[in-house]
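Please look over the model below.

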Amino acid sequence: MCGIIGYSSKKKNAKDVVIAGLKNLEYRGYDSAGIATSENGKINLYKAKGKIAVLEDKLNNEVINASTAIGHTRWATHGEPNETNAHPHRVGNVTLVHNGIIENYIELKNFLLKNGVTFNSSTDTEVACAYINYIYQKSENKNKLQVISTACDEIRGSYAFSIIFDDELDTIYATRKDSPLIIGLSDDGNFAASDISAILDYTNKYILLEHDEFAKITCDDVEIYNKNLEKIDKEIMFANWSATEYKKNGYEHFMLKEINEQPEVISKLFNNYFENEDYLSINIADYDTIHIVACGSAMHAGMIGKYLFENFASIPVSVEIASEYRYKKQLITPSTLVIIISQSGETADSLAALRIAKEHGAKTIAIVNVVGSSISREADETIYTYAGPEIAVATTKGYTSQVAILSMLVLNAMKQKNILDDSLKNKVQEEIGKIKEVLSKVIDNSEKYIKIASAIKDKEHLFFLGRGIDYTLCLEGSLKLKEISYMHSEAYAAGELKHGTISLIEEGTPVIAIATDKTLYEKTVSNIKETKARGAYVIFITNNDEDVENYNDFADIVLTIPKVTELLQPLVTILPLQLIAYETAKMRGCDIDKPKNLAKSVTVE
Ligand code: G6P
């Protein structure tokens with residue numbers, strides 16, 4: 001949710017480094033972008049509505065040679081996406097980029113208006129910038145760290161700031177609260193950035209800035225200060241993701257690349273697990289209830305977890321949307337385990353939910369992809385999904401790696417409860433040995449996915465139907481399609497459709513129906529027939545090859561997928577849904593990796 005990068009350079013043109021960094025941060029928002037450059041003793045601002053490429057085109061007409069620069073790619077919260085509202089903002093002597101939301105900006109704005117300050121934009125960020133400038137003007141000794149700290153005492157909300165003052169043009173000051181910010185270190189200059197992807201082309205060395213810490217960054221030095229403005233030493237970290245992992249590597253889209261990475265990611269995760277089954281120090285079997293809390297697809301992964309925990313380990317689970325969980329009455333007891341799932345580890349609502357769960361005394365486990373992210377650092381125990389960087393806004397490998405970890409936790413809980421029999425364990429282990437090939441085979445069926453996409457691409461709306469675990473997969477399949485193809489779809493528990501929504505089925509309405517659970521197969525097929533009788537165009541996805549001769553009675557297109565043990569089946573079943581969404585979005589000419597209005601890392605409420 002907004003990406004920021006600042007660079008103070010020894011030799012390179014800071015403008016080029018910042019623009020390159022912004023491109024890697026574009027997944028955080030892409031409705032406008034801007035850069036402030038320090039050149040020949042003054043600040044210049046360049047802004048453009050739209051993606052970084054538009055800003056880049058604009059900069060191509062300018063001769064810029066910047067020693068220091070700060071840049072921003074925006075996901076609008078306050079004020080429409082236009083040039084005036086784009087960052088950086090500049091008031092008086094202060095130029096600033098911001099990621100987050102200033103909650104008391106109206107209060108601060110009224111105060112500043114009374115003091116004669118005027119505003120150009122509708123943003124909360126310009127208010128923060130003006131407020132810092134106000135404190136700066138009042139300050140006698142012009143100690144910048146003191147100025148920022150005093151201003152931040154009054155600024156409520158979440159923020160990561162990178163700031164340049166006019167009288168210190170080659171220094172970037174940075175601070176953060178509840179929005180991520182790292183400080184990158186290199187021999188050629190130093191950075192402030194929303195995350196490591198922005199700087200990996202230049203360095204993998206960084207410092208994690210904590211809440212209420214301050215950084216003073218120049219081209220040859222970085223100083224970090226704590227809340228009391230005492231200089232502190234910080235651990236230098238080394239990112240283990242490489243710059244090439246952030247490239248498309250020959251794929252047309254990041255999403256397709258990430259879909260194709262799933263067989264490797266999943267098989268690695270399970271193999272590591274079987275090499276060290278006791279890697280988790282928390283004994284899940286000690287808990288009577290589990291709350292799984294997350295947003296978006298991570299929440300859908302949690303729903304698979306619920307199904308598996310309840311069915312296999314007999315532990316009741318409630319799956320909660322983080323933005324709801326954080327404000328509801330907490331019924332946490334000492335025997336409640338809270339599992340937070342987040343690919344980015346920075347989702348604001350999930351982070352807040354984690355903090356609330358901890359405040360109420362719950363033991364917390366985080367399932368996270370981004371190493372060192374806030375959620376991973378604050379949870380009692382973190383299990384990494386090791387999926388590598390996920391760039392496409394619509395998650396694929398992030399989601400499946402979360403599902404895989406949940407399956408392993410279920411196995412873990414069963415083992416702890418002494419209910420994991422050897423036959424199930426051996427079956428899972430045997431299938432894991434082949435999972436890479438099985439998943440690759442399902443992915444490698446693009447003709448079929450193209451056929452399905454052609455059948456649905458011009459429709460107004462469609463349905464996904466399934467029962468049990470297939471219903472939870474329908475939710476994710478439907479979300480994927482909506483996110484990237486902008487088609488309206490609804491996921492329904494197959495037995496629920498006739499309680500109202502079946503009225504929307506008419507001649508040719510596509511229904512993507514999934515039936516992988518043998519015990520529910522006939523029931524699901526009956527529900528599909530109810531839609532078929534009303535004119536539905538049925539795309540049937542199943543692992544049941546015993547009913548082949550009857551498919552024609554109710555299905556227009558059939559996609560058979562491999563049958564594996566129930567604990568692993570969701571990992572197989574979701575792949576066609578990802579690929580149907582992908583091919584449909586492609587045919588509809590959508591911007592697959594950067595769907596409109598979305599951002600990957602939602603660091604505001
Ligand atoms: C956004 C993304 C989704 C993601 C959700 C949760 O909405 O577009 O793809 O599932 O955030 O993100 P997280 O990083 O917490 O898994």
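What follows is a short report, arranged by topic.

## Basis

This is a predicted model: local features need pLDDT of at least 70, side-chain atom pairs count only at pLDDT 80 or more, and totals for chains, interfaces and linings use all residues. Residues are numbered from 1 along each chain as its sequence is written, and side-chain values use heavy atoms, with hydrogens and water left out.

## Ligand site

The ligand is surrounded by 14 residues. Ser297, Ser342, Gln343, Ser344 and Thr347 are the closest. By type, the shell holds five nonpolar, seven polar and two charged residues. Here Ala, Val, Leu, Ile, Met, Phe, Trp, Tyr, Cys and Pro count as nonpolar, Asp, Glu, Lys and Arg as charged, and the others, Gly among them, as polar. Helix 7 (residues 296–313) contributes the most to the shell, with three residues. Helices (H or I, at least four residues) and strands (E, at least two) are DSSP runs, numbered from the N terminus.

Polar contacts are pairs of N or O atoms within 3.5 Å; within protein, one must be able to donate a hydrogen and the other to accept it, and residues adjacent in sequence count only if both atoms are side-chain atoms. A side-chain N or O atom of Thr347 is 2.5 Å from a ligand oxygen. For Ser342, a polar side-chain atom lies 2.6 Å from an oxygen atom of the ligand. Val393 uses a polar backbone atom, at 3.5 Å from a ligand oxygen. Taken alone, the ligand exposes 390 Å², and the protein buries 89% of that. Accessible areas come from the Shrake-Rupley method with a 1.4 Å probe; for residues, only the protein chains shown count as cover.

## Nonpolar cores

A nonpolar core is a set of buried Ala, Val, Leu, Ile, Met, Phe, Trp, Tyr and Cys residues joined through side-chain atoms within 4.5 Å. Buried means under 20% relative accessible area, exposed over 50%, partly exposed in between (1.4 Å probe, protein chains only). The largest core has 122 residues. Phe270, Ile284, Ile290, Phe309, Ile339, Leu409 and Ile512 have the most contacts inside it. Helix 11 (residues 397–416) gives the most to this core, with eleven residues. Apart from it lies another core of 31 residues, including Tyr131, Ile148, Cys152 and Phe161.

Contact means heavy atoms within 4.5 Å. Leaving aside neighbours within four places in sequence, Phe309 touches Ile284, Ile290, Ser314, Ile315, Val317, Ile339, Leu406, Leu409, Val410 and Ala413.

## Helices 4 and 5

Which residues of helix 5 are buried? They are Lys144, Leu145, Val147, Ile148, Ser149, Ala151 and Cys152. The buried residues of this helix pack against helix 4, strand 7 (157–165), strand 8 (168–177), strand 12 and strand 13 (222–225). Asn143 caps the N-terminal end of helix 5, with a side-chain oxygen 3.1 Å from the backbone nitrogen of Leu145.

Ala130 is in helix 4. Its relative accessibility is 2%, so Ala130 counts as buried. Beyond four places in sequence, Ala130 is in contact with Val91, Leu112, Val117 and Phe119.

## Buried charged side chains

Glu213 sits in the loop between strand 11 (205–208) and strand 12 (214–217). Its relative accessible area is 11%, so Glu213 is buried. The side chains of Glu213 and Lys234 form a polar contact of 2.8 Å.

Arg28 is in the loop between helix 1 (14–25) and strand 2 (32–39). Arg28 is buried, at 2% relative accessibility. Its side chain makes a polar contact of 3.5 Å with the side chain of Asn99.

## Backbone details

Most residues other than glycine have a negative phi, and most peptide bonds are trans. His87 and Pro88 are joined by a cis peptide bond, with omega about 0°. Pro88 lies in the loop between strand 4 (68–74) and strand 5 (89–91).

Lys142 has a positive phi, near 55°. Lys142 is in the loop between helix 4 (124–138) and helix 5 (144–154), and is partly exposed at 27%. Tyr486 also has a positive phi, of about 60°. Its place is the loop between helix 14 (469–485) and strand 22 (488–493). Tyr486 is partly exposed, with a relative accessible area of 31%.

Key:
Near = heavy atom within 4 Å.
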